[in-house]
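Thanks for making the time this morning. Please bring the model up on your screens, and I will talk through a few of its features.

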Amino acid sequence: MDEIRAEIDDMSRVPPDLSTPPPGPSRWDHPNGSPARRKLPIGIQTLRTIRTDGHYYVDKTPHVARLLVSGSRYFLSRPRRFGKSLLVDTLKSLFEAQEDLFRGLAIHDSWDWSLRHPVLKLDFAGGDFSTVARLEAWVIAQLEDQAHAAGIDPPAGHAPECLQRIIRALREASGGSQVVVLVDEYDKPILDVLASPDAARSSRDFLRGLYGTLKTCDEHLRLVLLTGVSKFSKVNLFSGLNNLEDITLDPRFATICGYTDADLDQVFAPELDGLDRDAIRKWYNGYGWRGEPVYNPFDILLLFKNREFGAYWFETGTPTFLLELLARRGVNSFDLDSMVADEALLSAFDVDRIEPEALLFQAGYLTVRDHEHLPGHRLYRLRYPNLEVRHSLHRSLLSYLCNRGIRPTRWLSVTQALRTGDMAALEAELRALFAGIPYEWHTKNDLARYEGYCASVFYSFLVGSQLDVRVEDSSAAGRLDVAVVLDEAAYVFELKVAERATPGAALEQLRRRAYADKHRRPGRPVHLVGIHFSEESRNIVELGMETA
């Protein structure tokens, strides 16, 4: 209908009027005319439940409209718990012409509800994918269930053959309407067995054959959308389905999943009372895909439920594989916030080739800071999306580097020592930190990179304390290792391995290069701290401080 009302007036429509309730039971009315608090859709991935049971809902149908007029074969990557499954279900409900769910939403008056398309959905969010046999059984079971629901005979054969046959049967049974194919968490069968490369390769090869079948059914398909966390290379997974348009970094779809600032202020306005709005932004906003930054919905909903800040999203997944990869590749923790990658590198994810930048970006631990368009390609500068990820990732990385957990009191002690200028207490905490690392753990690390290892432990320790830590802080005189900036004082640190430096060399370098100058403020002292580590003792052998 007029190109879906010119993409809902070119995406310019504001979020739906909060005075208009969705269908079904409503608690929308409020004595003073303002919207009442509604249910929080935590863990709910079906549009019908959200729209008929009194939950908050952020209208994503303008993005759906743009999706439908811009093309018909798509791939979208977003981190876990970002709303991909709800987007898939929204598309399913739309093409099944469930009009009651869309009343009051942007797309309602621009959609032809007399048309209905058969929808085939493959959902890999659950299931046992430990072997290819179990993976194929899961696929065939889903195809059989949907065949029964459509009133057609379940197809026989291997999964790719079944998929091809059911697509054609669905179109025939519908009287000729093209089929919509939606694949949710397309990559999970591979990610679940990534620690076992042979099993991961087998799953990849099976899925390559399955997804390649869609290309042979092209004439029967109205829309294809595959969503997942990781973007596997086209050569190894999508060689048979090379007509997918990757919209992961398309600025037109930057906010197709997640909540924007406007969503929080308008849709979730009743939940903001009593919460620090700036703190919400710093803690949870900042995921960027070359467009307006967004919040992870899971974080926001849990914040509104618990009324306190926490690492809700981070704690739902253990990045053990990521930490092992960073250590194996020798990636220093202080390099994470300044990584640069091109599009090819960000897409270089496969069983036999996993680049740290790609894994960090696709999994949601880093996001796009900005990009530079060069002839033939783009360069992307990456950063932490927000404080939740920055602090939590470094705490996990520190525990991995030290091969043990860190006592919560240690975070408090180091923060207090820096706020009061108690260098003796700071040195004691640092010595205890390094002394507690098991000897056997050192033997697993490349001591040729020992200086980087020490700096990584030191830096992650400070960042995990939720301090304002700046790595290799730039000044006109050069770059130093670490700066910590507090209201009470600022600290500039220089780290060296003692066997490679003369005593006092670190402190002398701080003096010579005048690193303190940029941090001078009236009433705020700046402390220079030089620290020497020893490869032999694997601890601090000298810590010197003076106030500049």
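Predicted model: local features only at pLDDT ≥ 70, side-chain atom pairs only at ≥ 80, totals over all residues.

Residues are numbered from 1 along each chain as its sequence is written, and side-chain values use heavy atoms, with hydrogens and water left out.

The largest pocket has a volume of about 1,300 Å³. A pocket here, on a 1 Å grid over the protein atoms alone, is an open set of points where a 1.4 Å probe fits, with protein on both sides within 12 Å along at least five of seven lines, and lining residues have an atom within 4 Å of a point; the points are joined across faces, edges and corners, and the volume is the space filled by probe spheres set on them. Its lining has 50 residues, of which R80, R81, K84, E185 and V229 lie nearest the centre. By class, the lining divides into 30 nonpolar, eleven polar and nine charged residues, where Ala, Val, Leu, Ile, Met, Phe, Trp, Tyr, Cys and Pro count as nonpolar, Asp, Glu, Lys and Arg as charged, and the others, Gly among them, as polar. The largest share, five residues, comes from α4, and the helices that each supply at least two include α11 (297–306) and α12 (320–328); helices (H or I, at least four residues) and strands (E, at least two) are DSSP runs, numbered from the N terminus.

Turning to the sheet, three strands form an open sheet in the order β6-β10-β9, with antiparallel pairing, two strands being paired if DSSP finds at least two bridges between them. β6 (340–342) and β9 (367–374) stand at the edges with a single partner strand each, so one side of each is left without a neighbour in the sheet. β9 and β10 (residues 377–383) pair over seven bridges, and D370 stands opposite R381 in β10.

Finally, the helix pairs. The axes of α16 (residues 408–420) and α17 (residues 423–435) come within 8 Å and cross at roughly 150°, the axes being lines fitted to C-alpha atoms over the stretch in contact, with angles from 0 to 180 degrees between N-to-C directions. α16 and α17 are therefore roughly antiparallel, a term for angles over 145 degrees, whereas those under 35 count as roughly parallel, 65 to 115 as roughly perpendicular and the rest as oblique. For α5 (residues 132–150) and α6 (residues 159–173), the axes come within 10 Å and cross at roughly 15°, which makes α5 roughly parallel to α6.
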